[in-house]
Amino acid sequence: MTDWAPIAKEYDPLKAGSIDGTDEEPHDRAIWRAMLARYVPNKGVTGDPHLTLFVARLNLQTTEEKLKEVFSRYGDIRKIRLVRDLVTGFSKGYAFIEYKEERALLKAHRDANRLVIDQHEIFVDFELERTLKGWIPRRLGGGFGGKKESGQLRFGGRDRPFRKPINLPNMKNDFYGEGSAERRSWSREGTRDWRTRDRDHERSRDKRWPERERLWTWGESERDSKEERSRGRERKNRDRKDRDRDRSRERDTRKPRDDDKHR
């Protein structure tokens, strides 16, 4: 904890993939890729890396002239390199700006971050490719920052620094059952315990099975009784209709007989 810092002093892909720099195993494939990568900085890049700024999240329409207009207010610029695609020639959205004096570099690093250029909020940091030991670029699974949606978050940089880890008590190992070697080793008694527990589980399951059958049979009997009641109602209604029909027929037959008597 004494040497902890929110900004990484040496690049480690495993630590960069952790929110507090304490992970011991990689949690995504990109970290594995970065750990296995052997990256050599581009030898074709010239200039003093300690006087160079890295500018990212640029509008793809932003040109070198626009960058010079904005960043020249902090001091004299020696060189601007806007990274472009080798095939199409289009901007990739980031650039490197080399100043003549360190004072101008520090001023731009402090004031130009999150500046809006061509409707884009830019990100400004020192160049890390040639200054940070062990650096792995983002295309190989390394880098700093990243978007939450992609899941490839990296920590330890200016954009997303490390969070201070929380010191947990020493009892954590005993809490998770990671005690002494004797406790962790498997013995015959331990296997017997597992077997007896399995037998108890089987017995309890056998006991629960008749109860479930009773519940199911009770549900079926209740359903049968409901069906019988509905059938009884239907029979009563049918009998009532038949009786009403018979009475109406009797009244119809009586009426002609009464007429004959009066004649």
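Reader: Which residue caps the N-terminal end of H2?

Author: This is a predicted model. Look at the backbone nitrogen of Ala30: a side-chain oxygen lies 3.3 Å from it. That oxygen belongs to the residue capping the N-terminal end of H2, Asp28.

Reader: Which residues of H2 are buried, and why are they on the same side?

Author: H2 spans residues 29-36. The buried residues are Ala30, Ile31 and Ala34.

Reader: Which helix do the buried residues of H2 pack against?

Author: Start from Ala30, Ile31 and Ala34, the buried residues of H2. Their packing partner covers residues 13-16 and is helix H1.

Reader: Which strand supplies the largest share of the lining of the largest pocket?

Author: The largest pocket has a volume of about 1100 Å³. It is lined by 30 residues, with Phe54, Ala56, Tyr94, Trp135 and Arg138 nearest its centre. Strands E1, E2, E3 and E6 each supply at least two lining residues. The largest share, 4 residues, comes from E3.

Reader: How many charged residues line the second largest pocket?

Author: The second largest pocket holds about 390 Å³ of space. Its lining has 18 residues, and those nearest the centre are Asp3, Trp4, Ala5, Lys15 and Phe162. By class, 10 lining residues are nonpolar and 2 are polar; the charged ones number 6.

How values were computed: Residues are numbered from 1 along each chain as its sequence is written. This is a predicted model: local features need pLDDT of at least 70, side-chain atom pairs count only at pLDDT 80 or more; totals for chains, interfaces and linings use all residues. Side-chain values use heavy atoms; hydrogens and water are left out. Buried means under 20% relative accessible area, exposed over 50%, partly exposed in between (1.4 Å probe, protein chains only). Contact means heavy atoms within 4.5 Å. A polar contact is a pair of N or O atoms within 3.5 Å; within protein, one must be able to donate a hydrogen and the other to accept it, and residues adjacent in sequence count only if both atoms are side-chain atoms. On a 1 Å grid over the protein atoms alone, a cavity is a set of points where a 1.4 Å probe fits but cannot get out, and a pocket is an open set with protein on both sides within 12 Å along at least five of seven lines; lining residues have an atom within 4 Å of a point. Grid points are joined across faces, edges and corners, and a volume is the space filled by probe spheres set on the points. Ala, Val, Leu, Ile, Met, Phe, Trp, Tyr, Cys and Pro count as nonpolar, Asp, Glu, Lys and Arg as charged, and the others, Gly among them, as polar.
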